[in-house]
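Cut-offs are given where a term first comes up.

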Amino acid sequence: MKKKWCRYLLLLLMIPLFLLSGCTNETQRANHRDTWQRIERRHRVIIGLDDSFVPMGFRQKNGKLVGYDIDLARAVFKQYGIKADFQTIDWSMKETELKNGTIDLLWNGYSVTPQRARKVAFSRVYLRNAQVLVTKRKDGIKNFNDMTGKTLGTQSGSTGQQALEDKPKLLLDKIAKKKPVLYDTYPDAFIDLNAGRIQGILMDRVYAEYYIQHMANPREYSIYSSPQMPADLFAVGMRKGDQTLRNKINQGLGRLQKNGQLAKINKKWFGVNSSYLGPDK
């Protein structure tokens, strides 16, 4: 009798494991499905973003969502009669949101990295970026070496955080505790920079230049780059199985370049036609 109850108990304990295994396998299969027909049927694609990332995608004081990537995504999907809907996500969980099917795309200043390429498929590159160090002029920091012993901030899950880990001798090994302060958003990091709690922020150049330009006293800040920083290129991220979606985005970007719309969007947000449209591989 005792052995029989033990067998029953063992079976009960194994049921959750079987269910979990089934859910995991289903998620893995979903990541390798081509979802273009589903997107076409609902006439809607869901794009995940950090809605504080100026000038790529951010909310104005009235709550309206605007930005370079907002205009670009809408222009691409307008060609296919599909509405681009945008969903705010925790940027540190972006690939998980994509994998779980909460969103269809990551289109928000999303940099191409080898680490991300193992998890997602990328569109063609559409913009050149760079990681830069932002400081307050009064602190007298003029280059990366001057951050020795100082406190550095960056966004959690950002390309800046990855760049620190990839090139530790460049900055990570120099800063206090050899560890950056991680923030949910860059505006949070600027609050601490202005209060003197940190002395530098490693962040995207496009964000830094736009954000500082729109502050009350832009001259209070300095921006420094380093040729040793890895190249930083923006592309659209999607699930591995979405090859049709990838092709549609690549072709759409190509048409925007040919008809001049891409140049107009660039001039609107950057003042110049600063786009870099990589090959449609």
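**Notes on the predicted model**

1. At 35% relative accessibility, Arg38 counts as partly exposed; buried means under 20% relative accessible area, exposed over 50%, and partly exposed in between, with a 1.4 Å probe and protein chains only. This is a predicted model, in which local features need pLDDT of at least 70 and side-chain atom pairs count only at pLDDT 80 or more, while totals for chains, interfaces and linings use all residues. Residues are numbered from 1 along each chain as its sequence is written, and side-chain values use heavy atoms, with hydrogens and water left out.

2. Arg38 forms a salt bridge with Asp104, the closest N and O atoms being 3.3 Å apart; the term stands for a side-chain nitrogen of Lys or Arg within 4 Å of a carboxyl oxygen of Asp or Glu. The pair links distant parts of the chain, 66 residues apart: Arg38 is in helix H2 (residues 36–42), and Asp104 is in the loop between helix H4 (94–99) and strand S6 (105–106). Helices (H or I, at least four residues) and strands (E, at least two) are DSSP runs, numbered from the N terminus. Asp104 is buried, with a relative accessible area of 1%.

3. Asp242 sits in the loop between strand S15 (237–238) and helix H9 (243–259). Its relative accessibility is 0%, so Asp242 counts as buried. Asp242 forms a salt bridge with Arg239, with 3.7 Å between the closest N and O atoms, and Arg239 is buried too. Leaving aside neighbours within four places in sequence, Asp242 is in contact (heavy atoms within 4.5 Å) with Arg33, Asp34, Thr35 and Trp36.

4. A network of salt bridges links Arg38, Arg42, Asp104, Arg239 and Asp242. The count for the structure comes to 14 salt bridges. One of these joins Asp139 and Lys138, at 3.4 Å between the closest N and O atoms; Asp139 is partly exposed at 29%, and Lys138 is exposed at 64%.

5. What is the strand order of the open sheet of five strands? The order is S11-S10-S12-S9-S13, with mixed pairing; two strands pair if DSSP finds at least two bridges between them. Strand S11 (181–183) and strand S13 (221–224) stand at the edges with a single partner strand each, so one side of each has no neighbour in the sheet. Neighbouring strands are turned by 30° against each other on average, direction ignored. Strand S9 (residues 131–136) and S13 pair in the antiparallel sense over four bridges, and Lys136 has Tyr221 in S13 as its bridge partner.

6. Helix H7 (residues 186–195) lies across S9, strand S10 (152–155), S11, strand S12 (200–204) and S13, running at about 155° to S12. Helix H8 (residues 205–213) packs on the sheet, touching S9, S12 and S13, and its direction makes about 115° with that of S12. Axes are lines fitted to C-alpha atoms, for helices over the stretch in contact, and angles run from 0 to 180 degrees between N-to-C directions.

7. Eight of the eleven residues of helix H3 (residues 68–78) are buried, so the helix is largely enclosed by the rest of the structure. Among the buried ones are Tyr68, Ile70, Leu72 and Phe77.

8. The whole structure holds 15 aromatic pairs: rings of Phe, Tyr and Trp (its six-membered ring) with centres within 6.5 Å, where planes under 30 degrees apart count as stacked, over 60 as edge-to-face and the rest as tilted. Tyr68 and Tyr126 are stacked, at 6.3 Å centre to centre and 20° between the planes. Ring pairs also link Phe53, Tyr186, Phe190, Tyr207, Tyr211 and Tyr221 into a cluster.
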